[in-house]
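Biologist: I would like to learn how to read helix packing in a model. Please start with one stretch and then go on to pairs.

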Amino acid sequence: MKRYLPEGFLLSTIFLLIFFLFSMKTAIMPFFIGSAIAYLSYPLFNLFRKLTKNRTNISAILTLFSIFLVLIIVLFIVLPTVISQVQSFIKFLPELTKKLDAFTYKFVGEHLLKKLHFDTSTLQTLVRSAYIQLGSLPVRDIVQRFFSGVFSVFTLFINVVIVPLITYYFLVNAGKIRDIYLKITPVSIRDELKSLLEKVHESLSSYLIGQIAVATFVGFYIALGLYFVGIKYSFLIGFVAGVLNMIPYVGFFSGLIPSILLAIFDNGQLTYVIGVLIVFLTEVGIENLIYPVVMSKTTGINPLLILLSIFIGGYYGGFLGIIISVPIAVMIVPIFESFLEKRESL
């Protein structure tokens with residue numbers, strides 16, 4: 001069993017960090033956010049180090065400033081556009097549901113179900129009841145409560161002051177933190193654990209950065225494509241499709257289905273439907289070309305494993321579990337592969 005000690009030691013560390021994160025969520029969260037931002041922005045930090053001739057402190061400040069500029073763009077350009085389209089879509093939703101109701105009753109109720117001797121009035125009642133229930137959801141109250149919690153004074157203070165300081169610390173001291181971790185491990189496994197850490201880091205960093213790059217491309221491409229086609233709420237659809245693109249298969253259909261529905265029930269012409277299909281088919285083609293390039297260093301995570309990890313993370317850890325589930329799965333895969341390689345070499 002000693003031959004598997006590096007894998008066991010690293011797995012124990014991962015599960016211990018998860019335990020601390022959930023058991024002391026309030027205290028640990030700023031450190032979790034800061035370390036996550038530092039990890040994602042570390043390639044940019046390394047670029048600034050090369051440009052500044054290895055001036056670590058200046059590079060960390062430039063990295064934080066770049067992150068701040070991105071946040072400004074998101075908060076003052078992207079987010080207001082998405083929020084305005086969400087508000088517009090909520091107002092448009094009753095009209096869209098009426099059109100869907102009429103279409104469902106006419107083409108499904110009158111033609112198909114009558115042939116099966118099904119009471120069409122029952123279907124119409126069920127559909128209308130579902131629309132009423134959807135329309136009665138307190139969407140506005142939920143949004144207000146969410147943003148009132150996010151932008152409370154205490155949370156804002158943590159986000160603006162504490163998290164950047166923690167991010168700065170992790171950027172500057174990343175190498176020292178790794179060395180300290182290696183020093184507390186048994187000397188007999190130190191070299192092997194260091195090599196395993198490099199594999200996990202390579203897998204995780206390339207996966208996350210690659211997924212973010214692809215998701216950003218998908219979001220902008222779909223938003224601009226639908227905008228030029230003439231589909232309403234193009235930026236909202238692109239934003240949602242880009243975010244959900246990190247979940248296999250979900251991003252594509254989360255953008256395609258509402259776009260097709262809007263093209264049929266709002267625009268009402270075949271040319272708009274064809275335009276939507278062209279946008280999404282070309283997006284899939286381009287994504288299949290760039291995906292192997294940006295994800296070339298990953299271990300090839302199976303989409304089913306990603307979906308399984310998301311479901312397990314959501315079941316045991318709620319929204320936070322969903323966020324961390326995929327990175328944890330990506331970290332565990334190289335460890336498991338190392339275990340299998342040793343077992344096969346026996």
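Modeller: Over residues 28–48 the chain is 95% helix and 0% strand, with the end C-alpha atoms 29 Å apart. Helices (H or I, at least four residues) and strands (E, at least two) are DSSP runs, numbered from the N terminus. This is a predicted model, in which local features need pLDDT of at least 70 and side-chain atom pairs count only at 80 or more, while totals for chains, interfaces and linings use all residues. Residues are numbered from 1 along each chain as its sequence is written, and side-chain values use heavy atoms, leaving out hydrogens and water.

Biologist: How are two packed helices described?

Modeller: By the angle between their axes and the distance between the axes. Axes are lines fitted to C-alpha atoms, for helices over the stretch in contact, and angles run from 0 to 180 degrees between N-to-C directions. For helix 1 (residues 5–23) and helix 2 (residues 25–40), the axes come within 6 Å and cross at roughly 120°.

Biologist: Which residues of helix 1 and helix 2 meet?

Modeller: Phe20, Leu21, Phe22 and Ser23 of helix 1 meet Lys25, Ile28, Met29 and Phe32 of helix 2. Contact means heavy atoms within 4.5 Å.

Biologist: What is the orientation of helix 9 and helix 10 to each other?

Modeller: Their axes, for helix 9 (residues 190–229) and helix 10 (residues 234–244), come within 7 Å and cross at roughly 160°. Helix 9 and helix 10 are therefore roughly antiparallel. Angles under 35 degrees count as roughly parallel, over 145 as roughly antiparallel, 65 to 115 as roughly perpendicular and the rest as oblique. Helix 1 and helix 2 are therefore oblique to each other.
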